[in-house]
Amino acid sequence: MTRTRISEPRERTYAHKRRFYRDSEVAAYYDQERFVGPLKRRRNRRKWRTIRDALATLDDVHVVLDTPCGTGRFTGHLATHGFDVVGSDISLEMMRRAVEAGDRSPGVAGFVQADAERLPLSDDAVDCVVSIRFMFHVPPPTRVSILREMSRVAPWLVVDYRHRYSYRYAKWRALRTLRLTRRPLERVSRAGLEQEFHDAGLSVLRVLPVTRVFSDKWIVVAGREDTP
């Protein structure tokens, strides 16, 4: 398969992606290849509005962990919206880009290198974990483990998932049926989503679509099953 973007992983495995995004060249091209241009900026604004709406449904959220924060795509937005934010990522190179980008609100407390499977934070260290553009890279059993770890450090989670109820998924199903593609496209059903969060000891409180039909992205608001 020909790689068309420097920031596009060569392999689909989670293990490869964990290594891939730590590369300095990947970090240097990441924003340029993914978020530059009118259409991509518009998509970014829609995603941020949905995240903001999701957070607005929660009470007493002041301190937020943005993980993985990458190049700070939403870290600054969270801070300028009034939250105290810690950015965290497995990639030091990505976080360096976030720092170099400047325009950081005083609300950004700092950045810490961390593996989402083992966060270097104490229990209930923050009020909410925001995790965007990450879970679709992760195999389901590991997703459950990561959700459980996130819920250890915060009572509330705002996480994006990619789902089956979209034009893109319907098109992929048709192509697979006709044997015109062999490319995998894993997407969750609503029942599958609920089960993953339940297995992690969480309840799904709200599911907000980024857009209807053409987007396959949900912003999921969840809390511990014992949280009132």
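The following legends describe close-up views of a predicted model.

**View 1**
Seven strands form an open sheet in the order S3-S2-S1-S4-S5-S7-S6, and their pairing is mixed. Strand S3 (108-113) and strand S6 (202-209) are the edge strands, each pairing on one side only. Neighbouring strands of this sheet are turned against each other by 25° on average, direction ignored. Strands of a sheet pair through backbone hydrogen bonds, either parallel or antiparallel.

**View 1. The antiparallel pair S6 and S7, with helix H3.**
Strand S7 (residues 217-224) runs antiparallel to S6, and seven bridges join the two. Within this pair, Val-204 stands opposite Ala-222 in S7. Helix H3 packs on the sheet, where H3 touches strand S4 (128-131), strand S5 (156-162), S6 and S7. The direction of H3 makes about 20° with that of S7.

**View 2. Strand S1 between its two parallel partners.**
S1 and strand S2 (residues 84-89) run parallel and are joined by four bridges. Here Leu-65 stands opposite Val-86 in S2. From S1 the chain crosses through H4 to S2, and this β-α-β crossover is right-handed. S1 also pairs with S4 in the parallel sense, over three bridges. The bridge partner of Leu-65 in S4 is Val-129.

**View 3. Aromatic pairs.**
A pair of aromatic rings is described by the distance of the centres and the angle of the planes. Rings count as a pair if their centres lie within 6.5 Å, and by this rule there are seven aromatic pairs. Tyr-21 and Tyr-30 have ring centres 6.1 Å apart and planes at 85°, so this pair is edge-to-face. Both of these tyrosines, Tyr-21 and Tyr-30, are buried. In Trp-48 and Phe-74, the ring centres are 6.3 Å apart and the planes lie at 20°, so this pair is stacked. Trp-48 belongs to helix H3 (residues 38-56) and Phe-74 to the loop between strand S1 (63-66) and helix H4 (75-80), so the pair ties together parts that are 26 residues apart in sequence. Trp-48 and Phe-74 are both buried. Ring pairs also link Phe-20, Tyr-21, Tyr-30 and Phe-35 into a cluster.

**View 4. A charge over a ring.**
Arg-162 lies over the face of Phe-136, at 3.8 Å from the ring centre.

Leu-119 is found in the loop between S3 and S4. Its relative accessible area is 6%; buried means under 20%, so Leu-119 is buried. Not counting residues up to four places away in sequence, Leu-119 touches Leu-65, Thr-67, Ala-114, Glu-149, Met-150, Arg-152 and Val-153. The C-alpha atoms of Leu-119 and Gly-37 are separated by 34 Å, and these residues are 82 apart along the chain.

**View 5. Backbone details in the loops.**
The peptide bond from Thr-67 to Pro-68 is cis, with omega near -10°. Pro-68 lies in the loop between S1 and H4. Asp-124 is not a glycine, although its phi is positive, at about 55°. Asp-124 is placed in the loop between S3 and S4 and is partly exposed, with a relative accessible area of 46%. Arg-133, also a residue other than glycine, has a positive phi near 55°. Arg-133 lies in the loop between S4 and helix H6 (140-153) and is partly exposed, with a relative accessible area of 21%.

Definitions and conventions. Residues are numbered from 1 along each chain as its sequence is written. This is a predicted model: local features need pLDDT of at least 70, side-chain atom pairs count only at pLDDT 80 or more; totals for chains, interfaces and linings use all residues. Side-chain values use heavy atoms; hydrogens and water are left out. Rings of Phe, Tyr and Trp (its six-membered ring) pair if their centres lie within 6.5 Å; planes under 30 degrees apart count as stacked, over 60 as edge-to-face and the rest as tilted. Buried means under 20% relative accessible area, exposed over 50%, partly exposed in between (1.4 Å probe, protein chains only). A charge sits over a ring if NZ of Lys or CZ of Arg is within 6 Å of the ring centre and within 35 degrees of the ring normal. Two strands pair if DSSP finds at least two bridges between them. Axes are lines fitted to C-alpha atoms, for helices over the stretch in contact, and angles run from 0 to 180 degrees between N-to-C directions. Contact means heavy atoms within 4.5 Å. A crossover is right-handed if, with the strands pointing away from the viewer, the path from the first strand over the helix to the second runs clockwise.
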